[in-house]
Amino acid sequence: MLRPAILAFAAFLALGHPAAAQDKPNLTVYTYDSFTAEWGPGPALKAGFEASCACTLTYVAAEDGISAFRRVQLEGPTTKADLVVGLDNFIAGDARASGLFAPHGLDLSGLNLPQPWTEADFVPFDYGYFAFVYNKETVPTPPTSFEELIALPESFKIVVMDPRSSTPGLGLVVWIRQAYGDRAPEIWAGLKPHILTMSRGWSEGYGLFLKGEADMVVSYTTSPAFHALTENDTRYAAATFSEGHIAQIEVSGILKSSPNQDLARQFLTYMISAEGQKAIPQTNWMFPVIDLGADLPEAFGAPPAKALPVDEAAVTANRNAWIEEALAAIR
Amino acid sequence: MPRSADSAIPRRPLRLIGGAAVALAIALLVGTLFWSILSAASAQTSSGPTTDIGYLIYITTLQASLSTVLSLVVGIALAWALNRLRFPGRTLVIGLFASAIVTPGIVVAFGLIAVWGRSGWLGGLGVPIFGLGGVVAAHIILDAAFAGRILLARLDAIPEARLKTGQSFALSPLNRFAVIDWPAIRGTLPGLASIIFLLAFTSFPIVLLLGGGPAVQTLEVAIYAAARLDFDLVTAVTLALIQIGICSAVIVAGAALAPVSTSLDRPVTPRWQDAGAARALQWLVLGLALCGFAAPLLAVLIDGLAGLGDVLGDRAFWSAALTSVTVGAASALLALMLGLLVAAARAATTSRIARTAIGAPAYAYLAVPAVALALGAFLFVRNLGIVPDAIAPAIVVIANALLSLPFVMAAIAPPFDAIARSRGRLIRSLGLGGTRQFAQIEWPLIARDVGLVLALSFCFSLGDLGVIALFDTQDFVTLPLLMVRALGAYRTNDAATIAALMLVLTIAAFIALPALFERLSRARA
Amino acid sequence: MLALDHVTFGYGAAPSYDFTLEALAGEVTAIRGASGSGKSTLLDLVAGFLQPASGTIRIDGDIVNDVPPEQRPVSILFQSETLFEHLTASRNVALGLPHPDAGRVAAALAELGLGDLAGQRAATLSGGQKQRVALARTLLRDKPVLLLDEPFSALDDETRATTRSIVQALTRKQKWATILVTHHADDIGAIADRVYRLESGRLAL
């Protein structure tokens, strides 16, 4: 019953959309949704790249970077995707192990990153440090460490995200792990009375915070820049923790199955060029991977003084155990 | 007097075949989706679920049971009050209540926070809205108002003669409820309970936002984690099957319970008002309901005013609105067609097993976790050799239609049953064929409910995000997707405005469509 | 003509009912009996809603035992649940005709004195009005056998007399074999051509 209807519908759609690419090659990029949104970096990067490549760039957006990668995994070698844009250092280990990605062959030594980049398969395009964001008017003296946060009265509420469905959620798990090692469950247990809720995604959690429901929210040190630059609202700030902060590094990778290897490499090169990088900070609200000088607004501030390295191999190996111990501590 | 039940209803083999075909197609579809996932997973090794599955099942069942019982109690009270009271703006209030269930859960959750949160209008009262209480409260807002709307239709349909008899006996308000109201709504309760339980059991965004942490979560979060984070499809399918198993038990129990009987009469304006304490209680129920239900929605509307100019001036909004309305209309029509087929078939047999076999699959879809659904549909379409993006609109329409099918059934199946049961012999004696039975007897009776049904499925589709996420492409953006995008890009004002506009569209549909069909059915009868 | 030859019905070894009856075309045959004596069972057997355990039912010589209710050359007026409450009087009557014919519907309603009520929903009619609307539809079907189950019970005396004579006149004119189930002596005295008494599951003249 279903199949003829689907086929008929597909035929109709095929008529409605004559193949977009006539002679020009087409580069298909799987990425996450907010990347392609009109206020995301996608449209500017597409326009800039298409101006010089004599090609068409097509975005296919999934809910988030992991979902885009899972989609490629499901599709296997027959995937339409040439590139995946929007993986990060927490999932890169899984992505490499899938064997779907090809070495990028680019020289990345000039990049400006929280930690030296030796990755052969993935090219970083932005990064940000996880931090608790607060409102300076309602929280005049924010905690300066996890232990200070734990010591605050229980009425001081924070919003965290579920590590199973959200990258900042996973980020917090890894952050506490990197900072406290085996003491992590203890920290989580201490946070428990402060946790207002554990939202599914960053957007809902951040929304709760903006509505004034919580005093702090897990986000990025660059989040206040959005409010300052877009809304002229300088009330928000990111709390600096003495344990140090870990970075999420967003990366892209070329698929082995892509027939457009050169074109894909050209796009990655464009993404880390000065022109490409300029399109990122004020759309993705993350730090650029090259020094943009005066083109990076001051509101972004400096990266945290103390950055904790992320041990990618340890994350890949222990991710589920860490999530379990964190959830168990606050259940 | 001995009388075989089967001779009392017309023989309608075509109807049985039609309904059985729909039921089978749904069952096959669900089966195919799972098979697609499993065959994709065949190469994988499964590490098994890492989460405490037993706890998740326990807490989800507890939460869903509480939500169901309380929603029904509140829904009955609300229907009772609305049935008795007449006041200016009653239609608007009913439309507002009815629209709650199709409002995206996340919108309701934010509305609830805007009222009861610590920075909310009534934040000073210190009502805890995070944790089990908050989740159940949000579900009551979503589901009790819907239950109230459906039950109100049953109460409004009580024949005038029965009311007059009751009035002449000077029944006390309590007796009136027990003798006249309860029999009219009793048959509708099992179906409603199933639906509400399923909605609460599979409610994902609300539970995660208001749950307050891992102590209150749903099984779906574990499925989501298995599919997305661990890419352990075997575990995802296993967990999904556990969820379907629990939900199916509820569906079958609901479908097998007492048959529904409905009056064939159409509503009259009762002039029999309860007096004294009962009337005061009705006003109190209405007042509380307005605060409880309408205030969060009102908060959403007010929140949305800020970004109105920006959003209305945005081409992307209009294009997403057009897509949403088109998808909603197509899903609504499809849901109505499927619902008619299933309801007509179910009424054409008296065998309890056949009724369950035909009716249950209509609900089955609600039990399938959205993650499994999206994943399975994606793989299925790919296995057919179709580019998923090209087929996305069709999949979304089908999925949304199936999602609203239980609601369509809840509204139109009882009238079909009522005609078959109370007038089956008459129809046989008149030698009426199935076509005439439908066109000249059944359609005039359900026509006024068709508006409600279309409004329901239209709005469901309008607010649904579940299926579209995996099929997302540049050209196929719906309003909820646009809202989530805005929320994900710090644009909370835009998101609030889109949420408010969706709410306005929903309420408008709920007031306009039933009124339109009411008028059409008046003109034809 | 309708003929029942030892039509039995009932559960267990000894059938509770054993009906033998002849009703001639153009005549009104009355069945009288106490409540619960099996009058409705008799009508259900003739109309096809019940299957006899043994015996034959003939209409104009043809055995109709296996003919389903839809196809039997019978029109029946039930005692209750006779109308679709949500439809107007005229739409209810129109259901008696195989094809729409507004003229005949209007004429039938007018003949029974219901012309003014054609556009009213059945739910708003009085008991007597409902009964006459249902009768109008049953008469309009014009089948060789007409089964009437207490058709005048809700009518006032005057309407009752008029309605009875309409039934009698049509029975004569259309050569129907009319079965009238009633416990009113008046009705029987006024229009019955022959009378059966139903007692202990048997019919007697």
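Reply: This is a predicted model. As assigned, domain 1 of chain A covers 2-127 + 248-300, while domain 2 of chain A covers 128-247 + 305-330. The C-alpha centres of these two domains of chain A are 27 Å apart.

Along the principal axes, the C-alpha atoms of chain B fill a box of roughly 65 × 55 × 45 Å. Of the 525 residues in chain B, 62% are buried. Among the contacts in chain B between residues at least 6 apart in sequence, 87% join residues at least 24 apart.

Chain B is also assigned two domains, namely domain 1 (10-38 + 306-525) and domain 2 (48-304). Taken over C-alpha atoms, the centres of domain 1 of chain B and domain 2 of chain B are separated by 20 Å. Their contact takes 47 residues from domain 1 of chain B and 46 residues from domain 2 of chain B. On the domain 1 side, at least two residues each come from helix 1 (13-41), helix 15 (352-367), helix 16 (370-383), helix 17 (388-429), helix 18 (434-463) and helix 20 (492-524) of chain B. Helix 17 of chain B supplies the largest share of that side, 11 residues. By class, this side of domain 1 of chain B has 37 nonpolar, 7 polar and 3 charged residues.

The interior can be considered next. In soluble globular proteins, nonpolar side chains tend to be buried together. The largest nonpolar core here has 369 residues, and those with the most contacts inside it are I141(B), I223(B), A372(B) and L147(C). Helix 17 of chain B gives the most to this core, with 26 residues. As for L147(C), leaving aside residues up to four places away in sequence, this residue touches L43(C), V46(C), A47(C), V74(C), I76(C), L77(C) and I179(C).

The contacts of chain B with the other chains complete the account. Between chain A and chain B, the contact takes 48 residues from chain A and 51 residues from chain B. Among the elements that each supply at least two residues of the chain A side are helix 1 (2-16), strand 2 (56-62), helix 4 (65-75) and helix 14 (312-330) of chain A. The residues of that side of chain A divide into 23 nonpolar, 12 polar and 13 charged. Between chain C and chain B, 24 residues of chain C are in contact with 22 residues of chain B. Helix 1 (residues 39-47) of chain C gives the most to the chain C side, with 4 residues. The side of chain C that touches chain B has 11 nonpolar, 7 polar and 6 charged residues.

Conventions. Residues are numbered from 1 along each chain as its sequence is written. Chains are lettered from A and ligands numbered from 1 in the order in which they are written. This is a predicted model: local features need pLDDT of at least 70, side-chain atom pairs count only at pLDDT 80 or more; totals for chains, interfaces and linings use all residues. Two residues are in contact if their C-beta atoms, placed from the backbone, lie within 7 Å. Ala, Val, Leu, Ile, Met, Phe, Trp, Tyr, Cys and Pro count as nonpolar, Asp, Glu, Lys and Arg as charged, and the others, Gly among them, as polar. Domain bounds come from an automatic or database domain assignment. A residue is buried if 20 or more other C-beta atoms lie within 10 Å of its own, exposed if 12 or fewer, and partly exposed in between; C-beta atoms are placed from the backbone. A nonpolar core is a set of buried Ala, Val, Leu, Ile, Met, Phe, Trp, Tyr and Cys residues joined through C-beta atoms within 7 Å.
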